[in-house]
Amino acid sequence: LHQGDAWWWMRGVGWGGRKGRGHAVRLLQRDLEEIGVRYRADGNDTLLSVLLARLGLLLKEQDKLDEAEPLLRRSLKVKECTLGPDHQNTLHSVHNLGLLLNKQGKLDQAKSLFRRTFAVKECTLGPYHQSTLTSVNNLAELLMARGEAMHSRGWGSAHLGPTTQTR
């Protein structure tokens, strides 16, 4: 399977502003239709998950959140089946879906995904890895927006690192 025009467009040219993003969306949709015909029954194709995610993220950037959500969910499902639930690429998809759900105001669902991402990254990468800290930051921002405190859930100082006191 060759990688379609949209893939090369994204890697070489970038989005190029609104016009470029619109062109990339059309290319991605075309590539997805082509791949979807070939792999309709399988559902475990890595290229398919990448194209779904890229199109979903482009639509999110264009504030087409309701169109983006099913694409990001399907991309995540394919990655979970192909790579496993704890793979870093799968967690990246979990993170992206959490950001979308947060933007949509689906805070309980977003919180669940942010907690999942944080828990796995803390175990696999350690509590002070940059990716783990990004995950805990996203969770903290969501909880603060909801008026919840991280320390009341057993989070917080252990994940923030050592503090220095001044007199």
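## Helix α5 and its cover

In helix α5, the buried residues are Thr90, Leu91, Ser93, Val94, His95, Asn96, Leu97, Gly98, Leu100 and Leu101. Here, buried means under 20% relative accessible area, exposed means over 50%, and partly exposed lies in between, with a 1.4 Å probe and protein chains only. Helices (H or I, at least four residues) and strands (E, at least two) are DSSP runs, numbered from the N terminus.

The model is predicted: local features need pLDDT of at least 70 and side-chain atom pairs count only at pLDDT 80 or more, whereas totals for chains, interfaces and linings use all residues. Residues are numbered from 1 along each chain as its sequence is written, and side-chain values use heavy atoms, with hydrogens and water left out.

Helix α5 comprises 17 residues, 88-104, and extends 24 Å from its first C-alpha to its last, close to the 24 Å expected at 1.5 Å a residue. The expected span of a helix is 1.5 Å times one less than its number of residues. The cover over the buried residues of α5 includes α3 (46-61), α4 (65-83), α6 (107-125) and α7 (130-145). Just after α5, Gly105 adopts a positive phi of about 85°.

Ser93 lies in α5 and counts as buried because its relative accessibility is 6%. The side chains of Ser93 and Lys79 are joined by a polar contact of 3.0 Å. A polar contact is a pair of N or O atoms within 3.5 Å; within protein, one must be able to donate a hydrogen and the other to accept it, and residues adjacent in sequence count only if both atoms are side-chain atoms. Leaving aside neighbours within four places in sequence, Ser93 is in contact (heavy atoms within 4.5 Å) with Ser75, Leu76 and Lys79.

Leu97, for its part, touches Glu69, Leu72, Arg73, Leu76 and Leu113, not counting residues up to four places away in sequence. Which residues touch the most other members of the largest nonpolar core? They are Leu97 and Leu100, in a core of 20 residues. The elements giving two or more residues to this core are α3, α4, α5, α6 and α7. A nonpolar core is a set of buried Ala, Val, Leu, Ile, Met, Phe, Trp, Tyr and Cys residues joined through side-chain atoms within 4.5 Å.

Helix α3 is mostly covered, with 12 of its 16 residues buried. Among them are Leu47, Leu48, Val50, Leu51, Gly56 and Lys60. The end C-alpha atoms of α3 are 23 Å apart, which agrees with the 22 Å that its 16 residues should span at 1.5 Å a residue.

In the loop between α3 and α4 is Asp63, which has a positive phi of about 60° although it is not a glycine. Most residues other than glycine have a negative phi. Asp63 counts as exposed because its relative accessibility is 52%.

Glu67 is placed in helix α4.

## Accessibility of selected residues

| Residue | Relative accessible area | Class |
|---|---|---|
| Thr132 | 0% | buried |
| Glu67 | 44% | partly exposed |
| Cys81 | 51% | exposed |
| Cys123 | 70% | exposed |

Thr132 is found in helix α7. Not counting residues up to four places away in sequence, Thr132 touches Phe118, Lys121, Glu122, Leu125, Gly126 and Pro127.

With regard to the cysteines, a disulfide is a pair of cysteine sulfur atoms within 2.5 Å. The count by this rule is 0 disulfides.

## The chain as a whole

The protein contains 8 helices and 0 strands, and the order of its elements from the N terminus is α-α-α-α-α-α-α-α. Of its 167 residues, 44% are buried. Among contacts with a separation of 6 or more, 55% involve residues 24 or more positions apart.

The protein exposes about 9600 Å², of which carbon and sulfur atoms supply 51%. Accessible areas come from the Shrake-Rupley method with a 1.4 Å probe, and for residues only the protein chains shown count as cover.
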